[in-house]
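Hi,

Here is the structure I promised to send over. Have a look at it first, and then read on for my notes.

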Amino acid sequence: MADVAKVAGVSHQTVSRVLNNHPNVRGETRDRVLRAIEQLGYRRNFAARALVTRRSRTLGVISFDTTLYGPASTVHGIEQAARVAGYFVTIVSLKSIDRSGMREAVDYLVGRGVAGLVVVAAPRSAVHGLTVPDGIPLVSVHGTCGKEEAVVGVDQVAGARLAVEHLLRLGHRTVWHITGPADWPETEGRLAGWRAALAEAGQAAPEPLPGDWSPRAGYQAGRRLAATPGVSAVFVANDQMALGVLRALAEEGVKVPEQISVVGFDDIPEAEFFSPPLTTVRQDFDAVGRRSIEVLLRQIEKGEPFGPGPLVVSPRLIIRASTSPAR
């Protein structure tokens with residue numbers, strides 16, 4: 001910065017103001033400083049700046065299985081929002097879901113001086129009792145981390161209710177459900193919304209079929225549904241499993257939606273190209289990313305505590321051709 005200041009004929013404080021986009025710099029002076037920066041090939045040393053200010057411009061993100069659409073899209077939304085705010089993101093994706101892996105991920109990111117942490121789509125058992133060093137702000141997306149941290153996410157219960165109420169309005173007497181894996185907050189929320197919607201309509205809830213988010217799990221559950229008399233509607237906890245359901249029903253000669261209506265969850269980009277195009281519940285992952293970064297930066301930059309209760313993003317029902325009135 002001293003070299004830049006000398007070439008531009010200004011003080012190093014003026015160079016600092018230009019680098020930080022301070023408004024109290026004349027246009028001519030700003031242009032002179034920028035020309036000097038380009039001439040000298042100056043690059044800011046963020047590591048040195050973090051040592052001086054004790055604040056890095058890097059955020060840590062811990063996510064589970066970013067091969068899944070939900071976690072991957074949430075991480076993408078977080079990364080984009082952080083970049084707009086002038087922060088970089090270091091991501092640790094955990095395939096193995098256990099507490100030791102969580103501890104290692106936290107230690108790795110804290111050891112690299114991140115200014116705050118975001119935990120995405122964490123099963124409860126993996127993060128129960130998780131401890132984060134004092135002074136490290138934490139935001140949890142789609143779940144909780146076993147402490148009074150900030151929580152941002154899509155209203156899973158409301159999303160499930162949208163799916164089930166849609167099917168009930170079409171005249172289906174009840175709705176079957178294929179769940180996500182146990183211990184995931186998303187699974188619990190969608191299961192609760194399914195049950196609540198059926199209970200309010202005075203309809204019996206069939207025994208839910210277990211799944212694990214994969215198309216194979218949906219395929220296996222779909223074959224069971226095809227062999228079960230009286231099934232006319234099914235709410236599937238994510239679109240990948242719904243794809244497996246559609247494949248199984250087609251193989252068993254069951255027509256969708258004429259014989260069984262199918263609703264998914266997530267609205268993955270491929271959902272509108274399924275055969276038939278899938279009715280599903282859309283989650284606004286970009287909004288989740290923006291809100292989680294807003295909450296985290298309020299803690300980092302302003303020291304503002306997070307208010308009571310989660311910050312909720314509303315889902316939307318996207319109606320396509322995989323649902324129709326009950327016969």
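Is Asp183 buried, partly exposed or exposed? Asp183 is partly exposed, as its relative accessible area is 25%; buried means under 20% relative accessible area, exposed over 50%, and partly exposed in between, with a 1.4 Å probe and protein chains only.

Before going further, a word on what you have. This is a predicted model, in which local features need pLDDT of at least 70 and side-chain atom pairs count only at pLDDT 80 or more, while totals for chains, interfaces and linings use all residues. Residues are numbered from 1 along each chain as its sequence is written, and side-chain values use heavy atoms, with hydrogens and water left out.

The overall picture: the protein has 12 helices and 11 strands. Those are DSSP runs numbered from the N terminus, with helices being H or I of at least four residues and strands E of at least two. Of the 327 residues, 50% are buried. If you take the contacts between residues at least 6 apart in sequence, 71% join residues at least 24 apart; contact means heavy atoms within 4.5 Å.

Most residues other than glycine have a negative phi, and most peptide bonds are trans. Asp183, which is not a glycine, has a positive phi of about 85 degrees, and its place is the loop between β6 (176–178) and α9 (185–200). Trp213 also has a positive phi, near 80 degrees, and lies in the loop between α9 and α10.

One joins Val256 and Pro257, with omega about 10 degrees, and Pro257 is in the loop between α11 and β8 (261–263). Another runs from Ser275 to Pro276, with omega near 0 degrees; Pro276 sits in the loop between β8 and β9 (280–282).

On to helix packing. Two packed helices are described by the angle between their axes and the distance between the axes. The axes are lines fitted to C-alpha atoms, for helices over the stretch in contact, and the angles run from 0 to 180 degrees between N-to-C directions.

α5 and α12 pack at about 50 degrees, with their axes 7 Å apart. They are therefore oblique to each other (under 35 degrees counts as roughly parallel, over 145 as roughly antiparallel, 65 to 115 as roughly perpendicular and the rest as oblique). Residues of α5 in the contact include Tyr69, Ser73 and His76, and they meet residues of α12 including Phe285, Asp286 and Arg290. By class, this contact has seven nonpolar, seven polar and two charged residues. Here Ala, Val, Leu, Ile, Met, Phe, Trp, Tyr, Cys and Pro count as nonpolar, Asp, Glu, Lys and Arg as charged, and the others, Gly among them, as polar.

α10 (residues 215–226) and α11 (residues 239–251) pack at about 40 degrees, with their axes 6 Å apart. This pair is oblique too, and its crossing is right-handed. Among the residues making the contact are Pro215, Tyr219 and Arg223 of α10 and Met241, Val245 and Leu249 of α11. The classes come to eight nonpolar, four polar and three charged residues.

How many aromatic pairs does a search of the whole structure find? It finds three, where rings of Phe, Tyr and Trp (its six-membered ring) pair if their centres lie within 6.5 Å, and planes under 30 degrees apart count as stacked, over 60 as edge-to-face and the rest as tilted. One of them is Tyr69 with Phe285, an edge-to-face pair at 5.7 Å centre to centre and 80 degrees between the planes. Tyr69 is in helix α5 (residues 69–84) and Phe285 in helix α12 (residues 285–302), 216 residues apart. Tyr69 is partly exposed at 22%, whereas Phe285 is buried at 5%. Phe235 and Phe265 make a tilted pair, with ring centres 6.2 Å apart and planes at 50 degrees. That pair links strand β7 (residues 233–236) to the loop between β8 and β9, and both Phe235 and Phe265 are buried.

Last, take a look at Gln283, in the loop between β9 and α12. Gln283 is buried, at 6% relative accessibility. Leaving out residues up to four places away in sequence, Gln283 touches His142, Val154, Gln156, Arg190, Phe265 and Asp266.

Cheers

Definitions and conventions
A crossing is left-handed if the near helix is turned anticlockwise from the far one by less than a right angle, and right-handed if clockwise.
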